[in-house]
Amino acid sequence: MTAAIVPGKSPRRAWPLIGHGLELQRRPLEFLAELHALPEPIVRIRLGRDEAYVVTAPELLDSLLRGKISQCVEKGAFFDAMRVVLGDGIVVSAEPKHMRHRRLMAPGFHRERVAGYVDIMADSTSSMVDAWHSGQRIELDRELGGLAMRIVARALFSSDIAEELVSESLRAFPVIVAELPKRTMMPWLARLPLRNRAFDAAVRRLLTVVDRIIAEYRARQEDHHDLVSMLIAARFDDGTGLSDQEIRDEVMTMFAAGYETVSNTLAFAFHELGRRRDILDRLQREVTEVLGDGPVRADNIRDLVFTEKVVTETLRRYCPPWLGMRETTAEIELGGVPVPEGATIIYSNYALHNDPNYFADPATFDPDRWTPEYRKAVTRSGAFQPFGIGNRNCIGEPFAWLEATAILATVVARVRLEPVPGVAVREIAAATVQLDRLPMIAHPHAPAGRPRSIVT
Ligand code: HEM
């Protein structure tokens, strides 16, 4: 009943049958941090009856994700539980399909194209803030979740039908994202009929809405200048396009990958700002200087230098994707350790970003560490990789930077958010790293010389 560690010693004894799976379920962030504290760059643990290899060193991650070895790994069985929602979208699909689809979708995520979504981001954020009145308690985590969902939905489907998708998603996604990580660790849960009724119904309803909207788009044959119009019009080299099923899979994939990651990043940013007045004051000064009375625009984003540092430090300290996984499709050698075909490899960007070997004083939230030189150095070394690396890195990265920066600047320009006294919030590792709740009190700034209307 020992955990086999390659090549060093066991971090902690494993339970028979369960192995370290229980640790990974019950105290995942602590367990992964313990593995990072070991001197070995690759560690073998037991997950149930199987073994898994945990990679803790950036140089080995580099080999795994973008070196030659990356051609011998796929997403693997770990991601199978997600297929019920994502179908065979690019987060889960294998090569060569993954690259074929990714290339087709890539133009929709180029920086210049994404800049066109800044108005959707600014408008949606303003509408959220307009509904808050002075002294109101806001459940900010939920507000940000709804906001990020609305923004992705409007980027995918800009026409007014998107609202129906937003309402359905707000109902369905909380059920889905609470269940999927459990099924990923314990796939047999999917076979328990009574337990799965709410989940199955949520997935069915959501897919029905998406299918109907795609059918409507096809029938209307209009270019709405959004991601779905682009997917419908896109053609492979042989002149064929994506089927309705493939478009649905990619739409669900964008949704699932693109809303919680952003909303949880922002929730952590506001949590830190709520307890770090010094940082909030600097941020507010910058935002006032850059935006004046106007909304955030694509051409003033680059002047929000400190705002971007706050987002960067949030992505370091609270990197949402805490668990990465791959499965080998051939025997490989990683860091001198032979890894057989079909083996599971685990890594954690969250643990890496909080590893004192790579980041001084990692628990301290310090946006000032992000000088251009520092950023270049930690990115080049592979120690900082919130959006992943290699051919499966985040296709939505430019969208995510723009969105996080635009939302943060818009909220800070309009309102001061303060923590609710006496309420403790807790960091948890669900589908992504998140706060268990984030109640805050809103204090909108009254525009000079104009009393604020109160919306209740
Ligand atoms: C703060 C926000 C975000 C973070 C931290 C993040 C992080 C990541 C990471 C680490 C991966 C790689 C996963 C792996 O290697 O297994 C990834 C993949 C992906 N992300 Fe994001 N993401 C964010 C926002 C978004 C947004 C806004 C979208 C879309 C609108 C998006 C769409 C995707 C997709 C489709 C993939 C799969 C790419 C592929 O396999 O080719 N993400 N993301």
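**Close-up views of the ligand site and helix contacts**

View 1. A polar side-chain atom of Arg-392 lies 3.3 Å from an oxygen atom of the ligand. This is a predicted model, in which local features need pLDDT of at least 70 and side-chain atom pairs count only at pLDDT 80 or more, while totals for chains, interfaces and linings use all residues. Residues are numbered from 1 along each chain as its sequence is written, and side-chain values use heavy atoms, with hydrogens and water left out. For Lys-75, an N or O atom of the side chain is 3.0 Å from an oxygen atom of the ligand, and for His-98 the corresponding distance is 2.5 Å. A polar contact is a pair of N or O atoms within 3.5 Å; within protein, one must be able to donate a hydrogen and the other to accept it, and residues adjacent in sequence count only if both atoms are side-chain atoms. The elements that give two or more residues to the shell around the ligand are α5 (97-105), α12 (244-258), α13 (260-275) and α18. Helices (H or I, at least four residues) and strands (E, at least two) are DSSP runs, numbered from the N terminus.

**View 2. The whole shell around the ligand.** There are 28 residues around the ligand, and Lys-75, His-98, Arg-102, Arg-326 and Cys-394 come nearest; a residue is near a molecule or strand if one of its heavy atoms lies within 4 Å of it. By class, this shell has 15 nonpolar, nine polar and four charged residues. Here Ala, Val, Leu, Ile, Met, Phe, Trp, Tyr, Cys and Pro count as nonpolar, Asp, Glu, Lys and Arg as charged, and the others, Gly among them, as polar.

**View 3. Helix α8 against helix α18.** Helix α8 (residues 140-156) packs against helix α18 (residues 397-414) at an angle of about 130°, with their axes 12 Å apart. That angle makes α8 oblique to α18. Axes are lines fitted to C-alpha atoms, for helices over the stretch in contact, and angles run from 0 to 180 degrees between N-to-C directions; angles under 35 degrees count as roughly parallel, over 145 as roughly antiparallel, 65 to 115 as roughly perpendicular and the rest as oblique. On the α8 side, Leu-144, Leu-147, Ala-148, Ile-151 and Ala-155 meet Phe-399, Glu-403 and Ile-407 of α18, where contact means heavy atoms within 4.5 Å. This contact of α8 with α18 has seven nonpolar residues, no polar ones and one charged residue.

**View 4. Helix α15 against helix α18.** Helix α15 (residues 305-317) and α18 pack at an angle of about 120°, with their axes 10 Å apart. The contact is made by Thr-307, Glu-308, Val-310, Val-311, Thr-312 and Leu-315 of α15 together with Trp-401, Ala-404, Thr-405, Leu-408 and Ala-409 of α18. Its residues divide into seven nonpolar, three polar and one charged.

**View 5. Helix α14 against helix α15.** Helix α14 (residues 277-291) and α15 pack at an angle of about 140°, with their axes 8 Å apart, and α14 and α15 are therefore oblique to each other. Ile-279, Arg-282, Leu-283, Glu-286 and Val-287 in α14 meet Val-305, Phe-306, Thr-307 and Val-310 in α15.

**View 6. Backbone details in two loops.** A cis peptide bond, with omega of about 5°, joins Glu-95 and Pro-96, and Pro-96 lies in the loop between α4 (83-86) and α5.
His-225 has a positive phi of about 55° although it is not a glycine, and His-225 lies in the loop between α10 (197-220) and α11 (227-233).
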